[in-house]
Amino acid sequence: MEDIKEEINYWESAVECYILGSNPPQAVMDGYFRRIWGKIGVDKVAQTSKGVFIVRFHNIVDRNKVIEEGVQMFDKKPVIIRAWTPDMEFTKTQMEKIPVWVRLPGPEIKYWGKIALTKIARMIGKPLKADNATTHRERLTYARVLVEVELNNKYQNSVMFENEHGRIIEQEVVYEWKPVLCEKCDNYGHEMKECRKWIKEEKEKQKAHEVTNNEQGKGNIQNKGIDNGKQKVAEANLAKDTGLENKQNKQIEGKGYQAKYKTGKYIAKGATMQNTTLKLGNTFSSLMEQQTTGTRPKEPSSSIP
Ligand SMILES: [Zn+2]
């Protein structure tokens, strides 16, 4: 136990970062992490396995700032960020689970206490933590909770629970970020319309189309003129898509939550409502049990035999 305590203490201020669907070289990622988190203060970047990096900060307060920022984007790929724990390993099953920040907007601040909030969050995924502002009641417009969900989770718009008066409350759920799967290349992080592969193929298709038209259009000036006009509109649309993609990527990459939220892109799209009903009023004893087992020990060292 004593043998590893020093190492555990050392890495306690670190996060593990997993780049979804990509394995960039360490030198590139070192530069990237120092760029996005330079202001917070990166101490060390090291690769632990394929596409997985450990980033150490000078203290746990700085580390928590990074966790509160949530998912980052690297080259249109999501970078999943978790607090480092002593027995953490990015196994395949673990990679299929990701932490995402959700917002629970609304006036129901009486439910934003730890116990009720944990119960509500459990309907969305595995509750990991609430953010600072929620815990310290500094922002009453919405509660913000980090939950672990399956990568291919059904992302629901709302959850239902029964309040202390037996009334069913529908609570809106807003995901700050959620994985988008590209139907074209099967990678996470962008939709098909933003896919490089798709854009390239579309451009090639158009080119081929243009050639055919030019050949057919010889001697038929009127037709050629119309087709070229269509072509120009299509090209303009493609350029617009590409521009949009770059702009969004720029906004998301390396910036805090605000920028991501503004794009509105990842929020509540394709989400389905789940009719889960939860009673808040009468199961507090069982909740307390769940609460205890669900909470990480304050001293990670104590969980090691
Ligand atoms: Zn794609």
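The buried residues of helix α2 pack against β2, β3, α3 (60-69) and β4; contact here puts two C-beta atoms, placed from the backbone, within 7 Å. Before going on, two notes. This is a predicted model, where local features need pLDDT of at least 70, side-chain atom pairs count only at pLDDT 80 or more, and totals for chains, interfaces and linings use all residues. Residues are numbered from 1 along each chain as its sequence is written.

Which residues of α2 are buried? They are M29, Y32, F33, I36 and W37. Buried means 20 or more other C-beta atoms within 10 Å of the residue's own, exposed means 12 or fewer, and partly exposed is in between. Down the axis of α2, the buried residues fall within an arc of 100°, so they line one face of the helix; the arc is taken over directions from the helix axis to the C-beta atoms. On the other side, A27, G31 and R35 are exposed.

Now the sheet. Helices (H or I, at least four residues) and strands (E, at least two) are DSSP runs, numbered from the N terminus. Two strands pair if DSSP finds at least two bridges between them. The open sheet has 5 strands in the order β2-β3-β1-β5-β4, with antiparallel pairing. β2 (42-49) and β4 (72-74) are at the edges with a single partner strand each, so one side of each lacks a neighbour in the sheet.
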